[in-house]
Amino acid sequence: ACGDEGASGDSDDSIKVGVLLSQTGALESYGLQTQRGFELGMEYATDGTMEVAGKKIEYYFEDTETDPTVARQKALSLLEDKEVDILVGSSSSGDTLAVTPLAEEYEKVMIVEPAAADSITGSEYNDYVFRTARNSSQDAAAAAAAVAKEGVKIATLAPDYSFGHDGAKAFIEAAEDLGAVLVHEEYADQAATDFTANIQKIIEAEPDYLFVVWAGANTPWNQIVDMKVQEQGIKVTTGVADIATLPSMAPLVGMEGFTLYYHTLPDNEVNDWLIEEHKKKHDGEVPDLFTAGGMSAALAVVAAIEKTDGDTTGDVMIEAMEGMSFDTPKGTMTFREEDHQALQEMYSVTLEESDEFDYPVPVLKRVLTAEETAPPIMNQ
Amino acid sequence: MDLVFSLLINGLATGMLIFLLAAGLTLIFGLMDVLNFAHGGLFIWGAYTGVWFYQMSDSFLLAIMVSIITGLLLGLITEKLIVRPVYGNHIQQILITLGFMLVLQELIKVVFGPDQKAVFPPGWLQGSFMVGDIVIIKYRLFIIVLGFLVFFLIFFILKRTRIGLIVRAGVIDKEMIQSLGINIRFVFMLVFMVGAAMAALSGMLHAPYSGVIYAEMGLEFSILAFIVVVIGGMGSFTGSLFAALLVGLAQAFMAYYFPALSLAVNMLLMATVLIFRPQGLFRVKG
Amino acid sequence: MEAIIQTEDLSISFGGHVAVDSVSITIPSKKFTSIIGPNGAGKTTFFNLLSGQLSPTKGSIFYKEEEITKLSTTERTRLGIGRSFQITNVFPNLTVLENVRLAVQSQKKVRYNMIAHFRHFKQFEQKSYEILEKVFLLEKADSKAVNLAHGEKRKLEIAMLLALETELLLLDEPTAGMSLEEVPAIIDVIKQLKQEDDRTIVLIEHKMDMIMDLSDEVLVLFHGELLAKGKPEEIVQNETVQSAYLGGMYDEKQLT
Amino acid sequence: MKSNLLKLQQVEAYIGQFHILYDITFEVPKGEVTVLLGRNGAGKTTTLRTVMGLNPASKGSITFKEQEISSLKPHMIANRGIGYVPEDQGIFGDLTVGENIRVAMKKEDQVTTKRMEWALELFPDLKKFWNKPGGQLSGGQKQMLAIARAYVNENELLLIDEPSKGLAPIIVEKVMESIQQMKERTTILLVEQNFLMASRIGDQFYIIDDGQTVHDGQMGELKEDKVLMKKYLGIS
Amino acid sequence: MNLRSIERSTWIYIAIALLLFIVPFIVTGRSMQFILIQIFIFGIFAMSYDLLLGFTGIISFGHVMFFGIGAYSTAISLDRFDSTIPALLLGVVLALVIAAIVSFIVGILTLRLKSHFYAMLTLALAGLFLVAAEKWRSLSGGNDGFTFRLPELIRDSQSQYFLCLVSLIFIFFGLRRLTKSPFGKVLMSIRENEQRTESLGYTVLHYKVIASVVSGVIASFAGVLYIISLRFVNTSVFATDLTIDVLLMTIIGGVGTLIGPIIGAGLVEFAHHWLSGLSDVHWIFERWIILYGTVYILVVIFFPLGIVGTIQAKLFGRTVTKGLKDNKSKVS
Ligand SMILES: Nc1ncnc2c1ncn2[C@@H]1O[C@H](COP(=O)(O)OP(=O)(O)OP(=O)(O)O)[C@@H](O)[C@H]1O
Ligand SMILES: Nc1ncnc2c1ncn2[C@@H]1O[C@H](COP(=O)(O)OP(=O)(O)OP(=O)(O)O)[C@@H](O)[C@H]1O
Ligand SMILES: [Mg+2]
Ligand SMILES: [Mg+2]
């Protein structure tokens, strides 16, 4: 609730949005990005009036602490005490899954951002759930699109838990579709300090490309370089995450990979506005990985309300949102009818040294279109 | 053969890193019997202050000194304010040190910001060289050497002086050791400070190894340290070294030969050791 | 004469040091047997073997002709072997009364009763008070055991043993550190026990006057071996016993 | 008249909330053996602990060599030259016999080494079990270790709480001899229930009852005074 | 039973329990009810821990394994079969039976170990359960977890509230009686001096194993309730954090007091809720976790025996404080 700007009393005529995100704990920087993006998104979409379809729009941020129990409690508090009409969130997939059943129960639409687990719009799907965030399969499709070609030999390295397995599996599928050949799949303890054995095995498998799915701070980059993986003719590819992680990727300069957002990549008005306003508001900082996502979620909210003309009843919203397209900093997104996943563009990049910063930055190689990265439908 | 060798070297390096981490806890938990859950806090503070200085001054060795000083100071504060009132009472130790751990961890974010920080080894320790077909990473060699240095240093201090003896006696019967004319409070404080300094040092050394530091890493690693101290045998320095190397090697080899079990390797190792040697690998002897 | 305890070739060694060395003895039922011997002779260790705290490296133990060598402490206690400890060994944070009540309760069929409130067993409390009175601890019934003075703890130790109501009592220096005034009183309690309930008592002591006064038979342990055995009067005359154990002390006492 | 090494005046002490010592007043003359007598729970041990600073006096004064020590920490008191053999022996169970002794040695000079050798000669068992953990010793051996440990330092005053407890008669004899030998250099304050021992080596005595010193005199007189013995010590 | 023989404290507890029955009619907000439900659940979990820590003197770092067993058994059963009452009951039965078996085995395997070693071995075993849940993804859904539906009857917040409250009351009075029974007294004597208990003729291992099983089963039941209240399960139900939470609740409330852990659970939940809410009040409280940590430190300083423990000591036996302090392992 740090940001209930423009909120002035009367609730009858206002529409309320509850945003769940991690403001403390390991994911707090993600939470902050989402929060800033969402605030700016609201401003952009309403031209600063904070009104849609003649109604005031109010929003509340709640900290899930990256704990499903807290997430659920906060969601309840939003739904009951604040009587929000729409939920947005959250930074972790676990938290999100603990909340989506509530959306169904209360018959309110929930826009998932930036949690990426496939199951949210897959096996655990319910009608009230929409997602502006990309899911793991989209990441994978983007990664595959960036490197896979007929006959290319690929290997994967991923952390040994759901996120890693989902990501690797989706990548392999997508890459094999493009004609690539899988030569090795490697999973490493997420908390490991030593990746020698894993890297050793990959080297032995002699792939052309090594696709690394990694999240969390304990990165394998140093060791990949130290073990001279690239010298042995293996190209490393991975997703480029938020700015804070870029310095640690310095050893990987030259790598081809993909990202879902970096502020210089998308070329459209919304993004230009975002960059400018973000710098203005936040000490000259540029928007980061999930800032665009937060903004997209806000834009989706506003677009949907405009479409229903202020009616936030769950069913009405669902009908309006299915198939809805809306403009975001990442180009036009569309909620796919079948599983409510927003199809969106992603970016194939190379990591290059920059003059401006002392860390490497992703440079656009090619925009991967929404169709190209469309994930399989998994909720049937 | 090359492979085995390479796994061996890297396992050793990991083990040594774990040993450095556990060495401080061997003093504080193993010897002084304090369940110090704030150990991870000392570890991250060492890492952050060291790295901060390293990035400012570009001098890795000085940065190591800075982290040691941080450790000493924090150790002093921790001992005086947090641990002193609860010697001998495990239950209170758990609560108060966990509380302090939370404070230390959050303060990191206040002072240094919540984002992770990337760290690289200094130029002279960057990269690797090949011996035959074996890749040897310089920084790891450095860790192995330093690990042995620390081990021998502390080992000789404990052996050559009565400090180790006094601490062990003081833990068993504080009154009696005082009646023998020893200011046990002061001794405990010193030992605690050294333990804290070692935690801080290992934090600093760990930073370039893993490439990044972040506030939450403290708690993760302190559990590992507890495991090592216990399976090594409470209070045994040699035991900790062996246990740490064992953990490091087990991780390396399991990851290669039984990757499916690598998540469970620490726990399996600990369970096996404790079921077959309930007192840990080494027992404290004179 | 019936034997209550019989050991055959009983030995135990701790990493090379033989603490009890091939001891074969018979302890007669309903008699008062004392064990003496220098410090470290193996007396307490011998008790530990009888009561099951330690298991022998060699040899066997019989209780009323049945072999008990392999039984646990608990099982032996239930058979009727109770002991007191040389180094005071009580429940520090429980009150004196609770300490004794635990001992009383262990002999009853309520050991695993989780449902009934302990206050339903008034008789246990009654019994505990009676015992406390016997050993002059009634006043301290509600004090925590940690807060007792040394001599008081010794009395509690005896009280707990009495509460067990075992047929065989192994007493390990029960009166060490007890005040001059109370030693005779405790001795009286022990005497009474033997007479009233027909129990068998084995006593370890270094106080020779007590040994002389109470024992029917004395066993002497020496470096883990059984050195001598006999009536108290005979034992004091034994030269080895005199030179290596008694020194001049005992004679002196006779003189004053 | 010899000078007083230790002097307690109207000392009171609490343990937690319990008032244990009410009025303890006595003097320990240099070079003599002073014995504290009294029934169980009278406060003898507490008195010694109070002198050691382990259980601070709440009132009254304790002077050692004319200097007030009642507000000092135990280790400072010990360093002024007072040794202590506690009632429960205070053996460090996990430490070996040797370590127990080494940890007590304030200096590693010749004098101390000499004293140590002398102590070990008194109790050859300790030498035999030099590398055994103290916790595994027999009751009497622990007692010997506690005494030996107090002997290794050159202390001016030794507080000994019930040394004879658990010791074989012949060892008690040795302990008495050793005390006699030391008397010249070391003054002894003894708590002892073994009247035989107390009367043989004690020069003077104090009787403590219910936390107060109720009587004092020369040891010789006490042996004669049956009434007194009956009254406070229950000996007839 | 004679009414007069009931202790006064029992009446007080009954009165409080009755009051709690009225609460959901006054506090109708679901999110507040949710917090109360969590307190009841963690109260149960913490009491089960107290039986080990406070009464038997065993520090376990792996208690969460039973909680997790309860949670997964129920969740999987409800997910695989229909969301009906029989499916739920099946889940509960599975939860209790598996927990009983596991706690029995763990007990036999580990209880011979001494303090730290026992604690670490339980930590290891719980860690293995966590890994198993992570790895057996077809069953557990792995780290992401899965959601499931609840039977109609317990879907709404009030019925969950009453379910948890009634469970709490039954378990509280049950455990209270257990700790005051002859059996409970033996547990305490084990805490005080294990070896002596043995030589009084008690088979210590039996007692410890029974305590471990009772405690494990109750913890598992807490897991069942927890997962019902959450309608979602993931591997976090096996995370060490939860053991630490429950350990903290027990200690803050006061070990060996039984009511303490419930109060500890309440305090931790409310302190958490209230302090995290502060960040809305002023940005300076953004780092509210610092205050949260400070609460722990202050509790130790001002309530060394935990809240209930310290108050009890002040009100009744003043000796208690000293007693526990003196107990610092002087045994050689
Ligand atoms: N920690 C304590 N808390 C409360 N009371 C205590 C404590 N320690 C001792 N006392 C009490 O103080 C009194 C004096 O104890 P002290 O140990 O000084 O007696 P003592 O004369 O040495 O007796 P003994 O000959 O049995 O050793 C006793 O009544 C004892 O119960
Ligand atoms: N658990 C043990 N481990 C190793 N050695 C032991 C152990 N228990 C006893 N001993 C050794 O065995 C010998 C006999 O000890 P024990 O306690 O039986 O002597 P004791 O005859 O009771 O002597 P005291 O009269 O001094 O009590 C001693 O030398 C002792 O050091
Ligand atoms: Mg003995
Ligand atoms: Mg005494």
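Q: How far is an oxygen atom of ligand 2 from an N or O atom in the side chain of His17(C)?
A: The distance is 3.4 Å. A polar contact is a pair of N or O atoms within 3.5 Å; within protein, one must be able to donate a hydrogen and the other to accept it, and residues adjacent in sequence count only if both atoms are side-chain atoms.

Q: What sort of model is this, and how are things numbered?
A: It is a predicted model, in which local features need pLDDT of at least 70, side-chain atom pairs count only at pLDDT 80 or more, and totals for chains, interfaces and linings use all residues; side-chain values use heavy atoms, without hydrogens and water. Residues are numbered from 1 along each chain as its sequence is written, while chains are lettered from A and ligands numbered from 1 in the order in which they are written.

Q: Which backbone atoms lie by ligand 2?
A: A backbone N or O atom of Gly42(C) is 2.9 Å from a ligand 2 oxygen atom, and one of Ala41(C) is 3.2 Å from an oxygen atom of ligand 2. The protein covers 91% of the 640 Å² of accessible area that ligand 2 has on its own (Shrake-Rupley method, 1.4 Å probe; for residues, only the protein chains shown count as cover).

Q: Why is that site called shared?
A: The site is shared between chains because residues from both C and D surround ligand 2. There are 22 residues around ligand 2, and those that come nearest include Lys43(C), Thr44(C) and Ser138(D); a residue is near if one of its heavy atoms lies within 4 Å. The shell divides into 6 nonpolar, 13 polar and 3 charged residues. Here Ala, Val, Leu, Ile, Met, Phe, Trp, Tyr, Cys and Pro count as nonpolar, Asp, Glu, Lys and Arg as charged, and the others, Gly among them, as polar.

Q: Now ligand 1: which chains surround it?
A: Residues from chains C, D and E do so, and the site is therefore shared between chains. Its shell has 6 nonpolar, 9 polar and 8 charged residues. An N or O atom in the side chain of Thr46(D) is 2.4 Å from a ligand 1 oxygen atom. Polar side-chain atoms of Lys140(C) and Gln193(D) each lie 3.0 Å from an oxygen atom of ligand 1.

Q: What are the protein donors of ligand 3?
A: For that magnesium ion they are Thr44(C) (OG1) and Gln86(C) (OE1), 1.8 to 2.2 Å away. Thr44(C) is partly exposed at 22%, whereas Gln86(C) counts as buried at 16%.

Conventions: Donors are N, O and S atoms within 2.8 Å of the metal (3.2 Å for Na, K and Ca); water is not among the atoms, so sites may look incomplete. Buried means under 20% relative accessible area, exposed over 50%, partly exposed in between (1.4 Å probe, protein chains only).
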